[in-house]
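Colleague: I have the model open and would like to go through a few spots with you. Could you take my questions one at a time?

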Amino acid sequence: MRDAVVGIALSVQAYFALALRLLKACVSQPFYRADLVQQMDTIGVGSLFIVILTGLFTGMVLALQASFEMARFGAEIYIGRLVGASTIRELGPVLTALIVTGRAGAGMAAAIGAMRVTEQVDALRTMGVDPVRKLVAPRFLAALVMLPVLTIIGDLVAIIGGLLIAVLKLDLTPQLYLTSLYDNLAQSGFVLGVIPTDLVQGLAKPLVFGGLMALTSCFHGLRTLGGTEGVGRATTNAVVTTSILVLAADYFITQILIVIFPQ
């Protein structure tokens, strides 16, 4: 029991030590721009199709399930309000983060883990290249940029999915659906008089989630041991740990945003 607690404490210490090294690497030279662009393509473009599918069916299912409950009160006209609020504030950021973690986060851990067990990471150190600066920083910055973009796309597609159900199944007009959606956004207020508060809250989360995904995935990749089996373990641990951190962070970020943006 004692050894397990000590092991966890050392892992947490190593995690935050990597985070400090990463922050230093992100704000100092040299900076590998080509690697950043490549990772933005891998994380963003590579995850686009699955994010679109997830958003579409999430919006459709949300509207479909809500329609049965709201029909009891004759409130089907508020489907747009429900889909918009649920998607932009919570479901969009969280589902996008989990989906991208399963695809891009696992890929990060596997790629770096494979380099670790084949001693390519050690070779970088021998050549005087910092592995954190070369391998981790581009993935971290790419995740910070692309996860909010993917979240916006997922939100839009989910809203369109809800619109399809509202029009085809509930016989609502697109104008009524979109008006209900806009009324909900307007009711929450605007930041700087232009940007809906719900959208600001919905985009604050992906920034944190993206950073957690990249940092955690790279952390497990760099600690890979035991050959190909170790790569599999590192990938699994990265996905599971990141998923837990995303869900836990979502709760705490929501509490903070409620204080900052009281309803």
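Colleague: Is cysteine 218 buried or exposed?

Modeller: Cysteine 218 counts as buried, because its relative accessibility is 0%, where buried means under 20% relative accessible area, exposed over 50% and partly exposed in between, with a 1.4 Å probe and protein chains only. Before we go on, this is a predicted model, in which local features need pLDDT of at least 70 and side-chain atom pairs count only at pLDDT 80 or more, while totals for chains, interfaces and linings use all residues. Residues are numbered from 1 along each chain as its sequence is written, and side-chain values use heavy atoms, with hydrogens and water left out.

Colleague: How many disulfides does the structure hold?

Modeller: The structure holds zero disulfides, taking a disulfide as a pair of cysteine sulfur atoms within 2.5 Å. Cysteine 26 is in no disulfide, and its nearest cysteine sulfur belongs to cysteine 218.

Colleague: Switching to helices, how do helix 1 and helix 5 pack?

Modeller: Helix 1 (residues 2-26) and helix 5 (residues 131-168) pack at about 85 degrees with their axes 9 Å apart, so they are roughly perpendicular to each other. Helices here are DSSP runs of H or I with at least four residues, numbered from the N terminus; axes are lines fitted to C-alpha atoms over the stretch in contact, and angles run from 0 to 180 degrees between N-to-C directions, with 65 to 115 degrees counting as roughly perpendicular.

Colleague: Which residues meet there?

Modeller: From helix 1, Leu18, Arg21, Leu22, Ala25 and Cys26 meet Val132, Arg133, Val136, Ala137, Phe140 and Leu141 of helix 5, contact meaning heavy atoms within 4.5 Å. The residues of that contact divide into nine nonpolar, no polar and two charged, with Ala, Val, Leu, Ile, Met, Phe, Trp, Tyr, Cys and Pro counted as nonpolar, Asp, Glu, Lys and Arg as charged, and the others, Gly among them, as polar.

Colleague: What about lysine 205, buried or exposed?

Modeller: Lysine 205 is in helix 7 (residues 197-222), and it is buried, with a relative accessible area of 2%.

Colleague: Which side chain does lysine 205 join in a polar contact?

Modeller: Its side chain and that of aspartate 250 are joined by a polar contact of 3.0 Å, a pair of N or O atoms within 3.5 Å, where within protein one must be able to donate a hydrogen and the other to accept it, and residues adjacent in sequence count only if both atoms are side-chain atoms.

Notes
Helix = DSSP H or I, 4+ residues; strand = E, 2+ residues; numbered from the N terminus. Parallel < 35°, antiparallel > 145°, perpendicular 65-115°, else oblique.
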